[in-house]
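Student: I would like to learn how to read a structure of this kind. Please take me through a few features in turn.

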Amino acid sequence: MEAIVADPQKGGAWSGGGSQPFGSSYGKMMMWFFIMSDALTFSGFLGAYGLMRFKFLDSWPIADEVFTHIPFIHGDFPMYYVAFMTFVLIFSSVTMVLAVDAGKHMQKGKVIVYMGLTIIGGLIFLGSQAWEWKTFIAGSYGAVQLEDGKIVQFVDASGHQLTLESFASNAPSERVQHKKENGLWFVSESGLPSVTLEQVKEGFANNPDISMRTELINLDTKEKTIVSREEANKFLNKATRVVQGANLTENEYGKTLFADFFFFITGFHGFHVFSGILINIIIFFNVIIGTYERRGHYEMVEKVGLYWHFVDLVWVFVFTFFYLI
Amino acid sequence: MSHAKSHTALIWKVFAFLSLVTIVEVFLGIVKPASLNLTQLLGTSILNWIFLILTLVKAYGIAWYFMHLKDEKTWFRRAIVWPVVFLISVLAFFVLYEGDALGIILQEWTSWSYN
């Protein structure tokens, strides 16, 4: 009995009364249980993503064509930047585990250095993710949405995607941005797309070598289907608006759900990284002022380390399901 | 605790291994060899199975060595790993099976041409 009942004489309820079932302290065990529940939360999200992915197996956006940017460099570089982000996170996991290791040997100086590096790694990752979001929100080529929600993109004769600006006509547009001053005072509209639907239609008619790409994936080649000019004109008759970039209600790369899941899951993970950095900073300063030196052990570093590794672990799965598969 | 053995060498080995696996994944993701990408096996492409297995290998490396599950008592480790693995497998099976069924129905009702 004594081994499992909290005993105030031995240190109070917050340390589990000093009893250590499985040789694991109260704090560490509870961190593990939290991680288990959080793992199930994430698998719920990724499971929902998987369900929609299977549901729209023939028309889901191809990740390689969505995330093709690298900061400061123009061109088509699928995956490189997100691979860099993965390395940053794995490396910050390594410095974290080195900090835990140094803590076990009571080497305060090393713990400070390694925890500092871990925090820097986390900040680089978070900054990269912010940039990834910004790029995704801004979009790259632009597309046209049909009345049933389908997205169609434009390609040149060799099948490479074209920006809407590159072929749209410059016919004058009547459309003005809806602002408080010129419309309903309680309704506002964010900026208009740089081209209008009429300009796109006119540009398409004037450039006979431009063709159209639908969301439909040819499952034999795993590429999006390019339709004939004749078919494309039928698509254009159903077009309702121009879409540039992605947000929670529209996505120029295809299914809006893709954008929704991307923002929600990477956002939820990013928030974990953010809170991990905050917790790491608190513990970092505790190490500097010698709290754990006085306590006689660095178990707190180990506990926040568990959380940090878990964040890395989740990223491994997010990386696979969003970017690779 | 101060008598604990230092694991520094092991940590760097695990890091090298995880990096290698990531490089292989990224390489395959960029090249997408047609023989792997276009060959179906058990409901998805061979390439996707490779990604999935490599991901699980990485997850194992992180949980066992970085989160030092390998140093925990056997039944504590099992109490953590078994429920999570079981529940996630059940969830994944049901939602993916359902998603596939939804897709089969939806694809019949989706038209890709207009008049």
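Student: At what angle do helix α3 and helix α10 of chain A pack, and how far apart are their axes?

Tutor: Two packed helices are described by the angle between their axes and the distance between the axes. Axes are lines fitted to C-alpha atoms, for helices over the stretch in contact, and angles run from 0 to 180 degrees between N-to-C directions. Here α3 (residues 80-104) and α10 (residues 299-324) of chain A pack at about 160 degrees, and their axes are 9 Å apart. Helices (H or I, at least four residues) and strands (E, at least two) are DSSP runs, numbered from the N terminus. This is a predicted model, in which local features need pLDDT of at least 70, side-chain atom pairs count only at pLDDT 80 or more, and totals for chains, interfaces and linings use all residues. Residues are numbered from 1 along each chain as its sequence is written, while chains are lettered from A and ligands numbered from 1 in the order in which they are written.

Student: How are α3(A) and α10(A) oriented to each other, roughly parallel or roughly antiparallel?

Tutor: Angles under 35 degrees count as roughly parallel, over 145 as roughly antiparallel, 65 to 115 as roughly perpendicular and the rest as oblique. α3(A) and α10(A) are therefore roughly antiparallel. Their crossing is left-handed (the near helix is turned anticlockwise from the far one by less than a right angle; clockwise would be right-handed).

Student: Which residues of α3(A) and α10(A) meet?

Tutor: Two residues are in contact if their C-beta atoms, placed from the backbone, lie within 7 Å. On the α3(A) side they include A:Leu89, A:Ile90 and A:Val97, and on the α10(A) side they include A:Trp308, A:Trp315 and A:Phe319.

Student: How does helix α8 of chain A cross α10(A)?

Tutor: The axes of α8 (residues 256-288) and α10(A) come within 10 Å, crossing at roughly 160 degrees. This pair is therefore roughly antiparallel, and the crossing is left-handed. Among the residues in contact are A:Phe262, A:Ile265 and A:His269 of α8(A), with A:Tyr307, A:Trp308 and A:Trp315 of α10(A).

Student: How many helices and strands does chain A have?

Tutor: Chain A has 10 helices and 5 strands. Its radius of gyration is 26 Å, well over the 20 Å that the globule rule gives for 325 residues, so chain A is more spread out than a compact globule. That radius is taken over C-alpha atoms, and the rule is 2.2 Å times the number of residues to the power 0.38. Along the principal axes, the C-alpha atoms of chain A fill a box of roughly 85 × 50 × 40 Å.

Student: What share of chain A is buried?

Tutor: Of its 325 residues, 37% count as buried. A residue is buried if 20 or more other C-beta atoms lie within 10 Å of its own, exposed if 12 or fewer, and partly exposed in between, with C-beta atoms placed from the backbone. In chain B, buried residues make up 17% of 115.

Student: In what order do the elements of chain B run?

Tutor: Chain B has 4 helices and 2 strands, in the order α-α-β-β-α-α from the N terminus. Its C-alpha trace spans about 80 × 35 × 25 Å along the principal axes.

Student: How many residues does each chain bring to the contact between chain B and chain A?

Tutor: Chain B brings 50 residues and chain A brings 52. On the side of chain B that touches chain A, α1 (8-31), α3 (46-66) and α4 (74-109) each supply at least two residues. The most comes from α4(B), with 18 residues.
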